[in-house]
Protein chains: 2
Amino acid sequence: MPAPLRIGLAGLGTVGASVVRLLDRQAAALTARTARRIEVSAVNARDPNKDRGVDLARAKWFGDAVALARSPDIDIFVELIGGADGPALEAVEAALSAGKSCVTANKALLAKHGLRLARLAEENGVALSFEASVAGGVPIVKTLREGLAGNSIERVYGILNGTCNYILSRMEREGLSFDACLKEAQRLGYAEADPTFDIGGFDTAHKLAILTSLAFGVQIDAEAVDVEGIQSIRLADLEAADELGYRVKLLGVARRTPDGIEQRVAPTMAPKSSAIAQVMGVTNAVTIDADAVHELTLVGPGAGGEATASAVVADIADIARGVRSKPFGLPTSELAPLEPAPMQLHLGGYYVRLCAYDRPGAAAAIAARFAERDISLESIVQRRRPGAEGGPPGTAPVVLITYATHEKTLREALEAAVADGFLAEKPQFIRIERE
Amino acid sequence: MPAPLRIGLAGLGTVGASVVRLLDRQAAALTARTARRIEVSAVNARDPNKDRGVDLARAKWFGDAVALARSPDIDIFVELIGGADGPALEAVEAALSAGKSCVTANKALLAKHGLRLARLAEENGVALSFEASVAGGVPIVKTLREGLAGNSIERVYGILNGTCNYILSRMEREGLSFDACLKEAQRLGYAEADPTFDIGGFDTAHKLAILTSLAFGVQIDAEAVDVEGIQSIRLADLEAADELGYRVKLLGVARRTPDGIEQRVAPTMAPKSSAIAQVMGVTNAVTIDADAVHELTLVGPGAGGEATASAVVADIADIARGVRSKPFGLPTSELAPLEPAPMQLHLGGYYVRLCAYDRPGAAAAIAARFAERDISLESIVQRRRPGAEGGPPGTAPVVLITYATHEKTLREALEAAVADGFLAEKPQFIRIERE
């Protein structure tokens, strides 16, 4: 048997400690699978004395991640520090430049520097693996990169942030407000004290950008993602969605269009019958539409120490077996620049909730603004539901479902309706994503 | 760029023709992904003159699959002939012995000869890949073999036969009888003229045996699968299941138990809230319970030319990239013999439907037979539902749900109830599979 494969692990938080634990627990099986013994030979973390519940007695301690990454004592560098720049970036660059394969769970790093790091890995003939960066324990990176090699992918979309799905699921199930569910998520440790990164959709956007590159063979471009968070979602929207046969989910959606590649993160209406709509709580799910396989959905844990560590260890095992996948499936020279499709050209159905002053002619005037732009309505409902979260006194909710229309046209119709003076609040609109 | 990778393809049915089409359609992307041009250089099929809608002008024709498998004109042998023995087996053996990697979709072949063929591949340092053999386009083999390398798997179960799931879905949705749905499936081409292999559960058993070997690192043993088909399922069962919060699915289930590995195929009650229960029609789904990743579900097309070809092409692409995975994840010398857990020791909840003579004391006597064996009942319902498929005149249906009990104990209770003379028909019982 060849010499052991020596892992240098930077970052010993929940995921890092779980990686050490899994490598230990599965040592015999991993040796059998990879024909190599895998050992954590060096680590870096802020506090060497903290008890992490794992045995690191045989590992060499480094105070500096970059020094660890460069060390001749390691064969593979595992980056679990986090952050798009700083030590995580410097250490990964150092490791790749030193000819060491890297495994990372860092979506922010990849979203910002993925292409450059993939080039660096390629130049040095090493792997840059990041299964854990998207949807935690769900093997979606491997599926896109290897499992669907014979397909042309048309769309990839999913629930990529457990915090948002937890909040939306509780709002829907228990009829609670967004604020109440956010507080509950914070109390349970599902949401950070500053939840902006999750609920604002930015975490989902980073993950979506990675999936887009893998699915469409394009250069990663997280800046091109149109991002909207779940803060604007009201219980009234979830209740109306339910009545109309939909669920509201924070979806990341990437798809090929005649105008380029559309990448968007937003609260979205998914038909209740779709696989994605069934996914409740902190679970993640990704659906892929491809020409040969038609539709494939993966559902599993999007976060958590052991689930994320499972993905990190799978990457390590592949590298141990000698597999050197191209980070984004194709050589970086073959990754085309991403041509973003303008969201104004988005074509689809919409859910629209308006808070109209309760006076004669309001609904008719609103409907006219849609009709004059040839926006066909699948349904229009004007009524106050008993016990529903209401608008100001003297107003009535109007809920519309449109047939496919361009986003630009819809926005113009809504602006015209606002200008007419019949609306008491900013209109709410949510895209409908069909299976 | 190295010389083209030459594929020898035996079997040009729906899947074979789709493989040729996909390799052609994705030629540029596959070359970029694998750094090799992939070409179908030789083929074997019964009728060389049949129009299959694909261009095979440049491929050399072989009248004999074994001669093709041995031919120096090919680098990889793709077996799509089918059948556990005969030309499929001979050709795969010939190819592996000649040092050629093999790709196959043939579950029957693997179920019967998988271990021996894996040894032969290992001895010759080549790959034996079979993603297409289980759940068609769903990358479940890759997920178990590579994606969950850091996990210890406790259970793998799923819907692995589209024909059965189509029949059960239609029975449930439209209130049709088993026979009517089978006829409809045959008319639509979802079921064979002789449907025994599908509806008898044997197809699922072959696929399950493959998953068991991959999941638990044991020698494949399809003979050890306890198999029951869906022929015995009545509309009354689906209706009762619906009322009780379940759906009936033909599940293949493999799990570790203290008594060995349990492998069973049978109509099974899945809670409606489970991911598996949502899967309707010809779609397949597999759920894996593992220690690190907890629960992972893959849902996608289990059959169809292009979906199955997608899996075949992914295997070819891996081989083209130089990856030589061990067929069952571990070296064959490390695959432990499978110790089957006797089904009599199965511990779980049961659904029981009895057709009792409608006379005083019947329900009480039946309940006593359960009570004296310490079988606790979660529910007992004795009533005729309006419009339900009934038993003979003068009888009433009794539906019981038990808490966890041993199968042996349940069978004894049912035998005692039969002996008491209160039952007009053979008792129906269905295992309940919890998430």
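Let's start inside chain A: 15 residues of domain 2 of chain A are in contact with 14 residues of domain 3 of chain A. Contact here means that the C-beta atoms of two residues, placed from the backbone, lie within 7 Å. Before going on, bear in mind that this is a predicted model, in which local features need pLDDT of at least 70, side-chain atom pairs count only at pLDDT 80 or more, and totals for chains, interfaces and linings use all residues. Residues are numbered from 1 along each chain as its sequence is written, while chains are lettered from A and ligands numbered from 1 in the order in which they are written.

Which parts of domain 2 of chain A face domain 3 of chain A? Helix 11 (235–244) and strand 10 (260–271) of chain A each supply at least two residues of the side that touches domain 3. Helices (H or I, at least four residues) and strands (E, at least two) are DSSP runs, numbered from the N terminus. Helix 11 of chain A gives the largest share of that side, 7 residues. By type, the residues on this side of domain 2 of chain A split into 9 nonpolar, 2 polar and 4 charged. For that count, Ala, Val, Leu, Ile, Met, Phe, Trp, Tyr, Cys and Pro are nonpolar, Asp, Glu, Lys and Arg are charged, and the others, Gly among them, are polar.

Now zoom out a bit. The domain assignment of chain A gives domain 1 (5–133), domain 2 (141–301) and domain 3 (346–432); such bounds come from an automatic or database domain assignment. Between the C-alpha centres of domains 2 and 3 of chain A there are 25 Å.

Taken as a whole, chain A has 14 helices and 18 strands. Its radius of gyration is 24 Å, close to the 22 Å that the globule rule gives for 435 residues, so chain A is as compact as a globular protein of that length. That radius is taken over C-alpha atoms, and the globule rule is 2.2 Å times the number of residues to the power 0.38. Along the principal axes, the C-alpha atoms of chain A fill a box of roughly 80 × 45 × 35 Å. Buried residues make up 56% of the 435 residues in chain A. A residue counts as buried if 20 or more other C-beta atoms lie within 10 Å of its own, exposed if 12 or fewer, and partly exposed in between, with C-beta atoms placed from the backbone. Of the contacts in chain A between residues at least 6 apart in sequence, 75% join residues at least 24 apart.

Next, pick out helix 4 (residues 86–97) of chain A. Its 12 residues reach 17 Å from the first C-alpha to the last, close to the 16 Å expected at 1.5 Å a residue; the expected span is 1.5 Å times one less than the number of residues. Which residues of this helix are buried? They are A:A88, A:L89, A:A91, A:V92, A:A94, A:A95 and A:L96. These buried residues pack against several elements of chain A, including strand 1 (5–10), helix 3 (65–70) and helix 5 (107–123). After helix 4 of chain A comes A:G99, with a positive phi near 80°.

Two alanines are worth a look too. Most residues other than glycine have a negative phi. A:A135, however, has a positive phi near 60°, and its place is in the loop between strand 6 and helix 6 (140–147) of chain A. A:A135 is buried, with 31 other C-beta atoms within 10 Å. In chain B, the phi of B:A35 is also positive, near 60°. B:A35 is found in the loop between helix 2 (27–34) and strand 2 (38–44) of chain B, and is partly exposed, with 14 other C-beta atoms within 10 Å.

The contact takes 44 residues from chain A and 44 residues from chain B. On the side of chain A that touches chain B, the elements giving two or more residues are helix 2 (27–34), helix 6, strand 12 (294–301) and helix 12 (305–320) of chain A. The residues of that side divide into 23 nonpolar, 14 polar and 7 charged.
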